[in-house]
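Dear colleague,

I am handing over the structure below, and I would be glad if you looked through it before reading my notes, which follow directly after it.

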Amino acid sequence: MKSLPKFVTCLFLLFGSYFAYSSNVGPWNLQALFSAPDHELIDTISSVGMKGVLYQSINYKGNPVKVFAYYSAPNGEMPEGGWPAVVCVHGGGGTAFADWVKKWNEHGFAAISMDLEGHYPLKKSTGSKERLETPNPGPVRVGVFNDFDKPIEEQWYYHAVCQVIVAHSLIRSFPEINAEKIGITGISWGGTLTSTVMGVDSRFAFAIPVYGCGFLPGSDGHQGESIMPGKHAEIVTKYFDGSAYFKNVKIPTLWVNGTNDNHFPLPSTQQSAQAVNGEASLRIGLRMAHGHGAGWEPELIYAFAKSVVANGTPILKFKKTKLKKTQVKVDATNKKVVKAQLLYTTDNGIWNKRNWDTMSATISGNTLSAAVPKGCTALFFNAWDEDNLMVSSELIEISRK
């Protein structure tokens with residue numbers, strides 16, 4: 001069979017790329033969201049060393065929504081090809097965080113952090129708990145998908161996804177940014193949004209959901225319990241939960257959670273990590289606190305991002321865990337393991353109420369092993385490398401009759 005002429009091949013590639021970017025995924029019109037939005041700088045709401053940006057998202061009830069964000073690139077000489085970057089998605093009660101942007105800047109990344117409920121990061125007045133609204137702020141979050149009975153285009157989560165994708169389109173349009181080296185991370189609700197967006201917007205290079213994940217309807221955390229069976233759960237599962245889009249995810253992902261998170265149980269995190277088609281890593285902290293500061297603090301997050309787009313050292317990886325009746329072991333790769341623990345629970349029932357214990361694991365080369373504790377119902381390994389970065393092996397559930 002003869003090969004196609006070069007100009008025909010180029011046309012196929014050109015239009016193939018166009019149609020891939022212009023098609024809808026779920027209820028979202030990607031052709032509209034993948035265009036760089038109109039935006040303006042807001043000097044009065046800037047922060048030291050960074051810009052306040054007001055950008056335009058899709059219409060809400062006929063009017064263009066205005067979204068506030070902080071943006072900054074690192075100081076120093078820009079790398080060849082431009083700065084790697086990350087889109088930061090806040091959780092419930094959050095807003096645009098200058099400190100989050102600075103944290104990424106300190107690690108060599110440009111970053112953008114936007115407010116997804118139509119606010120500036122300012123209180124209306126001294127002593128007020130309410131934040132100042134942006135022009136035409138759009139919908140706000142109503143509980144846990146409690147606006148599910150409204151038209152899709154009027155629901156908060158639909159607009160939040162749009163605003164995140166448009167922020168990505170904005171930052172990749174900046175001349176100092178390397179558009180091929182942009183990742184996304186989100187905390188709590190932001191982790192849930194990240195789980196969805198990574199399967200809708202194929203332009204990201206990596207994703208780091210913290211706490212939030214997919215497979216929430218039917219889970220035993222606060223989120224799952226709040227998504228009631230029936231039409232509520234059907235709409236969330238069909239349109240919004242990350243599980244609807246994980247098959248599209250081919251990029252590296254890092255899933256961060258704690259053993260006893262009230263909102264996002266470990267099985268949902270594990271199921272999410274196993275459902276994506278890209279390489280997935282886990283970091284499960286023992287009784288990790290839930291919050292924005294706790295969620296952006298782990299150094300593994302930044303090491304992982306660097307390993308994908310900034311020529312950083314690959315992080316520790318685990319192969320498949322091998323479980324026998326009385327022994328469990330797993331092989332680690334990429335880096336030397338200097339410390340390891342087995343984390344385990346003998347409890348059943350609701351995940352966030354289970355008690356977790358630890359015991360030292362035996363390290364032989366890069367093989368970790370431990371005796372399976374009596375009555376154990378679930379276990380996994382945590383291992384630290386020579387840079388004191390902690391990575392977790394897969395969660396193993398053990399049936400106890």
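In this predicted model, helix α4 is largely enclosed by the rest of the structure, because 17 of its 17 residues are buried. The helix covers residues 156-172, and at 1.5 Å a residue it should span 24 Å, which agrees with the 24 Å that separates its end C-alpha atoms.

What about the cysteines? The count of disulfides comes to zero. Cys 88 is in no disulfide, and the nearest cysteine sulfur, that of Cys 213, is 19 Å away. Since a disulfide needs the two sulfur atoms to be within 2.5 Å, the 19 Å between the sulfur of Cys 213 and that of Cys 88 is too far for a bond. Cys 88 counts as buried, at 0% relative accessibility, and Cys 213 is buried with a relative accessible area of 0%.

Finally, please look at Thr 321, which is found in the loop between β14 (317-318) and β15 (322-323). Is Thr 321 buried or exposed? At 11% relative accessibility, Thr 321 counts as buried, because the cut-off for buried is under 20%. Leaving aside residues up to four places away in sequence, Thr 321 touches Val 328, Lys 329, Val 330, Ser 393, Glu 394 and Ile 396.

With best wishes

Technical notes
Residues are numbered from 1 along each chain as its sequence is written. This is a predicted model: local features need pLDDT of at least 70, side-chain atom pairs count only at pLDDT 80 or more; totals for chains, interfaces and linings use all residues. Side-chain values use heavy atoms; hydrogens and water are left out. Helices (H or I, at least four residues) and strands (E, at least two) are DSSP runs, numbered from the N terminus. The expected span of a helix is 1.5 Å times one less than its number of residues. Buried means under 20% relative accessible area, exposed over 50%, partly exposed in between (1.4 Å probe, protein chains only). Contact means heavy atoms within 4.5 Å.
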